[in-house]
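Reader: I am new to this structure and would like to learn how to read it. Could we go through it feature by feature?

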Amino acid sequence: MQIVRQRRGLILIVIGIVAAVIAAVWLIGRPSPAKSVEETPVVFVRDSQLMLKPEKEQSLTELSGLLPQKDLNAAESWEKTNFMNKFFRLNEQRDKMFFVTEVSEDNEATLYYRDMAKNPSSWKGKPGVELASGITATSPMLNQTFFKISGDGETVLYLKDASEKNGGTLYMNNLREEIAVDERVAAYYYADEPDLIYYTAYDENNRLNLKTAKRSKPTENKEIAADVLGVHSIDPDTGEIHYLKMTTIDGNHELYSALPNKSPVKLVSDIGFTVGGIKHGSFFYLTYTPSNLKLSDIVDDDLAEADRALLEPKREDYTAVERRKLNNYWTGKPYEADVEVFDQAGFDAANEKYKEKKERDGMRRELQATDYEPLSSLYYFNQGKSVKLADNYEALLYADAESGTIIYRSADYASVPKVPMSEATFANGVIAQYKGNVVKAAATYISNAHITHFKMGEEAGASFTQAALSEDGDKVYGIEKDRSLVAFDLEEGKPVRREVLDKDVFLMQRIAGDKPRLFYYKQSEGNANYSVLYEYADGASRQISDNVSYNKNKYYPETDSVYYFTDYDSATRTGTLNHYQGGKSVKIAEDVNEFYYNESSGLYYIGNYDRKRGTGDLMRAGGGKSEQVADRVRFMYEGADYNLL
């Protein structure tokens, strides 16, 4: 399950195990209650254009020209969110919107902004105020976008003349003029509360350097560090930045921290990547130790002896002399003679076995020549010190870096069954087969790095595939390997008093907050394509609905409600939209492709969907009756916090 939070948060990059892959993520601002929520704009993509439905107006306003076709094929919710963030942004007060138009084949565009407090007639036929032309999108590796805005919407950052290898010129626009900040910039970020901007730029030696500047003085930059790999995260409130530098160990990096106007501090020398994020200087992380393992080390060659004895078949070995009774062709008289008989079927079968043996020999050579990825160790960093928690880390189930609590899986590799050669199909497939064995063998551990460390299988008779902790830290929820949904009380970090909440559960999500919720799915009986959605509350389970498709439904904390699909058809990408609140479900509409909700503008959905065109009618639900807003709509901007179920 995926949690989508439309709020100001950390800027992150993800580091791969074999090669460093940087994918910066910027989470857009959470709406502020400072301005009336009734004024939230309704923005959507119609055909290939960004459109606005102004409040209390019947006509639509075209914001953009034609957008790139390749960006319009988004199918999943996260893809559509990324699309909107690439071309459109709304400030925290929801009174200023920014968007691009005239996107060219060279990925250049014109940037506009629109003050929602002004009368639409003041634009005189234009979509808004033009801020800049010829701006360039950032690298696709950095969650591609054309621009970023400050939380208050008073400034906007963008690049011009950017390329993948050399970056571009960074500009800051204060809605009155654009100011050149620096050249050869690769990526840029805001930290609103300290009024800072951060960015990375190439120097004359093509090293990537990390710099910062104040929004009030954008041309007066200061270098934080040289030759960095990239930005890991930024605290938007304090301006503390974490960044990475390369080390000599494959897969590991150095992690640094820098506060505004302070010198950088190296936190960890050999870090693969963090798990669970950084909170107030504390975090969990993995390191990789070269294992010198080959793929052959994870294979049990149960065919080695038989294959050594298997030789290439020879025709003479399948030819025999038999005494047979024959008839003379001319006279018809019977007689006996020795005849050579060749066993074609036996020879072909032996040839096939030998061919398979030769293929296995080739795979053996490949297995012996291919390195197996290094094993990872789990650490906790807090108050300037690292504590090792486990070797052979397999997967994260839950982490709270601030409290030091983590639930994870770890495997004793000595006990993990190897992949039999008789079951191996090809070298790379062995990795997937072995990892499947690791998952089966892994045990669940719950640890508070400051106090306790327990193996769930030994201490509580459970091993989790999913886990979550209550807000007070007194209870842990999880799905055991036999698909039991259970809860344990935690006493001094130790799980006690196991309680079975339900059986045959394959997916759960516990949502924290003022109104904590636990949702979960069971397989629908008689139909493998659908699931049954449940809520566990007040000590009892309640079925919300059958025939539900998971990972397409949304829980909205502000209204404590769920919008979900039933009878979803992946071929048509449509289903029946329902609303669940207060223990009751209400059907909204049939043949719905997607839906969008926030308190300010209400519920919208796309109906009458045409799979081939990828468009449908945008409808606004309300008062038991839906009204059409526009036709030929692909998707809509949704400025709300929600949890994807």
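Reader: What does the accessible surface of the protein come to, and what share of it belongs to carbon and sulfur atoms?

Author: This is a predicted model. Its accessible surface comes to about 31300 Å², and 45% of that belongs to carbon and sulfur atoms.

Reader: How many helices and strands are there in the protein?

Author: The protein has 47 strands and five helices. Of its 645 residues, 51% count as buried. Among contacts with a separation of 6 or more, 45% are between residues 24 or more positions apart.

Reader: What does the protein average in pLDDT, and over which residues does pLDDT stay under 50?

Author: The average is 85, and 89% of the residues score at least 70. Over residues 1-38 pLDDT stays under 50. The model has 126 contacts beyond four places in sequence for that stretch.

Reader: Now sheets. How do the strands of a sheet pair?

Author: They pair through backbone hydrogen bonds, either parallel or antiparallel.

Reader: How many bridges pair S17 and S18?

Author: Strand S17 (residues 241-246) pairs with strand S18 (residues 253-258) over six bridges, in the antiparallel sense.

Reader: Side chains are the next topic. Where do they go in a regular strand?

Author: The side chains alternate between the two faces of the sheet. How far a strand is covered can be read residue by residue. In strand S42 (residues 574-581), seven of the eight residues are buried, so by the cut-off of under 20% relative accessible area this strand is mostly covered.

Reader: Which strands pair with S42, and in what sense?

Author: Strand S41 (residues 561-569) is joined to S42 by six bridges, and the two run antiparallel. S42 and S43 also pair in the antiparallel sense, over six bridges. Two positions show the pairing: threonine 566 stands opposite threonine 576 in S42, and glycine 575 has valine 592 in S43 as its bridge partner.

Reader: How many residues lie between the strands of these hairpins?

Author: In the hairpin of S41 and S42 there are four residues between the strands. Arginine 573, in that turn, has a positive phi of about 55°. The hairpin of S42 and S43 has two residues between its strands, and glycine 582 in the turn has a positive phi of about 60°.

Reader: Which residues in strands have a positive phi without being glycine?

Author: Aspartate 591 is one of them: its phi is near 55°, and it is found in strand S43. Aspartate 591 is partly exposed, with a relative accessible area of 47%. Another is arginine 632 in strand S46 (residues 625-636), with phi near 55°. Arginine 632 counts as partly exposed, at 30% relative accessibility.

Reader: Is threonine 444 buried or exposed?

Author: Threonine 444 has 0% relative accessibility, so it counts as buried. This residue lies in strand S30 (residues 443-448). A polar atom of its side chain lies 2.6 Å from the backbone nitrogen of phenylalanine 464.

Reader: Let us turn to loops. Where is serine 601 found, and what does it touch?

Author: Serine 601 is in the loop between strand S43 (584-598) and strand S44 (602-610). Its relative accessible area is 5%, so serine 601 is buried. Not counting residues up to four places away in sequence, serine 601 touches Val42 and Arg620.

Reader: Where does serine 104 lie?

Author: Serine 104 lies in the loop between strand S6 (96-101) and strand S7 (108-115). At 32% relative accessibility, serine 104 counts as partly exposed. Serine 104 and leucine 66 are 38 residues apart along the chain, and their C-alpha atoms are separated by 9.1 Å.

Note on methods: Residues numbered from 1 in each chain as written. Predicted model: local features only at pLDDT ≥ 70, side-chain atom pairs only at ≥ 80, totals over all residues. Heavy atoms only, no water. Buried < 20%, exposed > 50% of the residue type's maximum accessible area, 1.4 Å probe, protein only. Contact = heavy atoms within 4.5 Å. Areas by Shrake-Rupley, 256 points an atom, 1.4 Å probe, with all protein chains shown as cover. Polar contact = N/O pair within 3.5 Å; in protein donor to acceptor, adjacent residues only side chain to side chain. Pairing = 2+ DSSP bridges. pLDDT = per-residue confidence, 0-100.
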